[in-house]
Amino acid sequence: AKTVITYGTFDMFHIGHLNLLRRLSGLGDRLIVGVSTDEFNAGKGKRTLIPFEHRAEIVRSLRYVDHVIPETNWDQKLDDIQRYAVHTFAIGEDWKGAFDFLKPHCEVVYLSRTDGVSTTQLKRSLNPF
Ligand code: C2G
């Protein structure tokens, strides 16, 4: 069985997130998603509108996703890859190159993002000024 893993915040879930997860599910037989916790995001200086439990439940409910784990730190990826016998790590190309250190352990794939939609743009459209 070919397991694929990815990580993300998935705040204000939108079509860009869905497009990515749908494509990732096509890369293997099982898709695991690490959803970043509120504490981990705070550490990244990233404010999320939707709490972790809700972001995780939405991702868990998708037909494309088989398993959701919390992403609590930058250093858990290698452990996760070994624990779940991951074949492919994949993420949006905004992270291109950032996870090449995983290449000795699994396939590393950077996929194109969906243009025209992002959580930041959605927030801005709510408060245009
Ligand atoms: N994404 C996309 N198209 C968009 C917006 C996001 O393809 N318009 C992808 C991103 O490239 C990422 C995933 O959706 O692969 C989740 O995006 P974010 O929630 O913004 O995740 P991020 O904050 O980049 O967290 O350790 C890795 C981090 O947890 C990734």
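**The loop residue and the ligand site**

A: Ala 85 is exposed, at 57% relative accessible area (exposed means over 50%, with a 1.4 Å probe and protein chains only). Ala 85 belongs to the loop between helix 4 (77–83) and strand 4; helices (H or I, at least four residues) and strands (E, at least two) are DSSP runs numbered from the N terminus. A quick caveat: this is a predicted model, where local features need pLDDT of at least 70, side-chain atom pairs need 80 or more, and totals for chains, interfaces and linings use all residues. Residues are numbered from 1 along each chain as its sequence is written, and side-chain values use heavy atoms, with hydrogens and water left out.

Now the ligand. It is surrounded by 20 residues, the closest being Phe 10, Lys 46, Glu 71, Asp 94 and Val 117 (a residue counts if one of its heavy atoms lies within 4 Å). By class, that shell has seven nonpolar, seven polar and six charged residues; Ala, Val, Leu, Ile, Met, Phe, Trp, Tyr, Cys and Pro count as nonpolar, Asp, Glu, Lys and Arg as charged, and the others, Gly among them, as polar. Helix 1 gives the most, with three residues.

A polar backbone atom of Phe 10 is 2.8 Å from a ligand oxygen, and for a backbone N or O atom of Gly 92 the distance is 2.9 Å. The elements giving two or more residues to the shell are strand 1 (3–8), helix 1 (15–25) and strand 4 (88–92).

Technical notes:
A polar contact is a pair of N or O atoms within 3.5 Å; within protein, one must be able to donate a hydrogen and the other to accept it, and residues adjacent in sequence count only if both atoms are side-chain atoms. Buried means under 20% relative accessible area, exposed over 50%, partly exposed in between (1.4 Å probe, protein chains only).
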